[in-house]
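Let me put the thing up on the screen, and then I'll talk you through it.

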Amino acid sequence: MKTKITELFGIEHPIIQGGMHHVGFAELAAAVSNAGGLGTITGLTQGTPEKLANEIARCKEMTDKPFAVNLTFLPSLTPPDYPGLIKEIIDAGVPVVETAGRNPAEYLPALKEAGIKVIHKCTSVRHSIKAQSIGCDAVSVDGFECGGHPGEDDIPNFILLPRAAEELEIPFVASGGMADGRSLVAAMALGAEGMNMGTRFIATQDAPVHQNVKEAIVNATELDTRLIMRSLTNTERVLNNEAVERLMEKEKALGDDLKFEDIIDEVAGVYPKIMHEGTMEAGAWSCGMVAGLVNDIPTVQDLINNIMSQADEIIKSKLQNF
Ligand SMILES: Cc1cc2nc3c(=O)[nH]c(=O)nc-3n(C[C@H](O)[C@H](O)[C@H](O)COP(=O)(O)O)c2cc1C
């Protein structure tokens, strides 16, 4: 399938794996890229420029296809060494960067000068327009359904995508709630040029996370996610568990007086315990409502093949027959 996104990134299928903390390692990124999509290494999981350089090198050993690095810009008292991370990305010749979090304008000139394509992940039309105006090449439009941080507007993709299509000139992919060929065709009908998936890619054989995480997604329904940290204006969609229920009790009790320190046990440093040790009650971890559509743990290659053949079948048979 040829779209503006496949052309822009030099990939075969318009399917992107979004950056995911403690999931987006070289193994997953390479598997997605080898299957014809665009895989993504999560920069901040590596933390230091040296470790990121090593992860990029590992990915290059596993694939000769294009892949991306995600840079998430978070407010932090001790910010990561973003210029150092960017230098490694440029030196290694990584062709695409997925930015997320706050406005990446400060870092765009260095990336653009190096010929790197930048896709910015946004949860609103106004942020998408901003990304376009500062020179991003594409946008990943992340609807309210998404796993991770859906922003504070709560606009689902059935509205957000056509609104983005009305306003944007640069291509965009649909992100949040995407799982299969139906999602892809629907996203394209709403104006997107492809799709970005997070949660669906975790439940694959290639995702380098504990089996318990994959099974938790398979066992979850669309009713099992919760929104946390709303009063901190840092809303995150996570899979419900004991730690999340404890956290939500604190949110209820403290209301607007809630501070990050009150919930630190449930959110800080929990990813390694969950993703690598499989201790599922260790804390809150991002997961999309799309878990309700995930019922298997295929290889990434099979997942992407099935998405493309289902999309083809819908376009050529079902839609033609109406
Ligand atoms: C476990 C997990 C961790 C994530 N970590 C990040 C991250 O570090 N940076 C980022 O930009 N997005 C992150 N995301 C968001 C994904 O890249 C993607 O935008 C989102 O999962 C799309 O929604 P979906 O889960 O419904 O497919 C994460 C998502 C999940 C599920």
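So, start at the ligand. There are 29 residues around it, and the ones that come nearest are Gly18, Ala100, Gly147, Gly198 and Gly288. Keep in mind that this is a predicted model.

What is that shell made of? By residue type, it divides into 16 polar, nine nonpolar and four charged residues. As for which elements contribute, β3, at 67–73, supplies at least two residues of the shell, and so do β8, at 195–197, and α10, at 199–202.

Now, which domains does the shell draw on? At least three of its residues come from domain 1, and at least three come from domain 2.

That brings me to the domains themselves. The assignment gives domain 1 as 4–208 + 297–321, and domain 2 as 211–289. If you take the C-alpha centres of the two, they lie 23 Å apart. Where the domains touch, the contact takes 19 residues from domain 1 and 16 residues from domain 2. On the domain 1 side of that contact, you've got ten polar residues, seven nonpolar and two charged.

Let me zoom in on one strand, β7, which is residues 172–175. Which way do its residues point? Phe172 and Ala174 go one way, Val173 and Ser175 go the other way, and all of them are buried. Next to look at is the pairing: β7 pairs with β6, residues 138–142, in the parallel sense, over four bridges.

Okay, zooming back out to the whole protein chain. We have 15 helices and ten strands. The C-alpha atoms fill a box of roughly 55 × 50 × 40 Å along the principal axes. Why call the chain compact? Because a compact globule of 322 residues would have a radius of gyration near 20 Å, and the protein chain has 19 Å, which agrees.

How much of it is buried? Of the 322 residues, 48% count as buried.

Last number, on contacts. Take the ones between residues at least 6 apart in sequence: 63% of those join residues at least 24 apart.

Terms used. Residues are numbered from 1 along each chain as its sequence is written. This is a predicted model: local features need pLDDT of at least 70, side-chain atom pairs count only at pLDDT 80 or more; totals for chains, interfaces and linings use all residues. The radius of gyration is taken over C-alpha atoms; the globule rule is 2.2 Å times the number of residues to the power 0.38. A residue is buried if 20 or more other C-beta atoms lie within 10 Å of its own, exposed if 12 or fewer, and partly exposed in between; C-beta atoms are placed from the backbone. Two residues are in contact if their C-beta atoms, placed from the backbone, lie within 7 Å. A residue is near a molecule or strand if its C-beta atom, placed from the backbone, lies within 6 Å of it. Ala, Val, Leu, Ile, Met, Phe, Trp, Tyr, Cys and Pro count as nonpolar, Asp, Glu, Lys and Arg as charged, and the others, Gly among them, as polar. Domain bounds come from an automatic or database domain assignment. Two strands pair if DSSP finds at least two bridges between them.
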